[in-house]
Amino acid sequence: MENQLKAPPEIRNVINFLRGSSSGLKNRVGVLNGSRREYFKGKSAIKALQSPAYAKLKNVPPVNPEDDSAKQLLHSMLQYAFFLRVNRGNPSGSSSSSPKQIQVVPMQEFASDYYYAWFYEGSQWRTYFGAVALVAVVLAGVMFPLWPMKLRIGAWYLSMGGFGLIGLFIALSIFRLIFYVITLVAASPGIWIFPKLFADVGFVESFIPGWDWDLPPPKKQKKKRGEGEEKKKKRKQVGESESANGADTPVEKAPSGGARIEEVSDHED
């Protein structure tokens, strides 16, 4: 688009950050005019600009996490049409999990509860490089019979090494499951070996820590307890105020029954 070409370098750096994986922006897939297009929610973009990863960038507009500077920056970027506000409708298919229909709205403004569709794909050099690499791999596979004997033997060893790593990973997964079941019975709540093995983290972080207890997540009851204590304090204050506003002298009740209490003098007649 022409408006995107008019964007200053600082704004383009912000857009490239949001389109990258380091921003943590959660993109969803919708259907716009029959074609798939990614979109995001406003509060997700605000959170990305307030993250420490954005604070480390250079040649970008400053953002203060304690005010609305991130929201104002995103609102000013609407004029360059990198993303536009859309309304989200019903699912495009018969299933409820199919991508939902989205439609661009005439009134463009930025808010945390609105949705915005991307009209900028970012840098395409990775796509082009991946396409060239894919073609090269296919050609190399087709021409495998023409390879020299040393290259074919090396490829065989590499393939065996790859299969060995896959088998080792499967064996580790089975072993950690068996070990967890044993510890679940012998030492409840059980121990997981490499608890982050299947988590969405890096390769090294998948093996850190080496083991951990299978503890349930902590329940959020602090707020409820605090509210209960505040109610007790209010009731106590109300009781003290009522007792302070009551009679100064307590009312003595006569003892029940016919018995009478008489005072006996110290001196006899």
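Biologist: Is Lys196 buried, partly exposed or exposed?

Modeller: Lys196 is partly exposed, with a relative accessible area of 39%. Buried means under 20% relative accessible area, exposed means over 50%, and partly exposed lies in between, with a 1.4 Å probe and protein chains only. This is a predicted model, in which local features need pLDDT of at least 70 and side-chain atom pairs count only at pLDDT 80 or more, while totals for chains, interfaces and linings use all residues. Residues are numbered from 1 along each chain as its sequence is written, and side-chain values use heavy atoms, with hydrogens and water left out.

Biologist: Where does Lys196 lie?

Modeller: Lys196 lies in the loop between strand E6 (191-193) and strand E7 (211-213). Helices (H or I, at least four residues) and strands (E, at least two) are DSSP runs, numbered from the N terminus.

Biologist: And which residues does Lys196 touch?

Modeller: Leaving aside residues up to four places away in sequence, Lys196 touches Val201, Glu205, Ser206, Ile208 and Pro209. Contact means heavy atoms within 4.5 Å. Ser206 is ten residues from Lys196 in sequence, and their C-alpha atoms are 4.8 Å apart.

Biologist: Turning to the whole chain, how many helices and strands does it have?

Modeller: The protein chain has eight helices and seven strands. Of its 269 residues, 23% are buried.

Biologist: Which strands close into a barrel?

Modeller: Five strands do so, in the order E1-E2-E5-E3-E4, with mixed pairing. On average, neighbouring strands of this sheet are turned by 55 degrees against each other, direction ignored. Axes are lines fitted to C-alpha atoms, for helices over the stretch in contact, and angles run from 0 to 180 degrees between N-to-C directions.

Biologist: What does E5 pair with?

Modeller: E5 pairs with E2 in the antiparallel sense over three bridges, and Phe40 stands opposite Tyr116 in E5. Strand E3 (residues 83-91) and E5 are also antiparallel, over four bridges, and there Arg85 stands opposite Tyr116. Two strands pair if DSSP finds at least two bridges between them.

Biologist: Which strands run parallel, then?

Modeller: Strand E1 (residues 28-32) and strand E4 (residues 100-104) run parallel, joined by two bridges. Gly30 stands opposite Lys100 in E4.

Biologist: Are the faces of E5 covered or uncovered?

Modeller: Both faces are covered: Tyr115 and Ala117 are buried on one side, and Tyr116 and Trp118 on the other. Helix H3 (residues 42-49) lies across strand E2 (35-41) and strand E5 (115-118), at about 60 degrees to E2.

Biologist: What about the largest nonpolar core, how many residues has it?

Modeller: That core has 27 residues, and those with the most contacts inside it are Leu18, Leu49, Leu74 and Phe83. Helix H2 (9-19), H3, helix H5 (69-76) and E5 each give two or more residues to this core, and H2 gives the most, with five. A second, separate core of nine residues includes Leu32, Leu84, Tyr115 and Ala117. A nonpolar core is a set of buried Ala, Val, Leu, Ile, Met, Phe, Trp, Tyr and Cys residues joined through side-chain atoms within 4.5 Å.

Biologist: Which residues carry the UniProt annotation "transmembrane region"?

Modeller: The unreviewed UniProt entry gives that annotation to residues 128-147, 153-172 and 177-194. UniProt positions are given in the numbering used here, feature names are shortened, and annotations may be inferred rather than shown by experiment.
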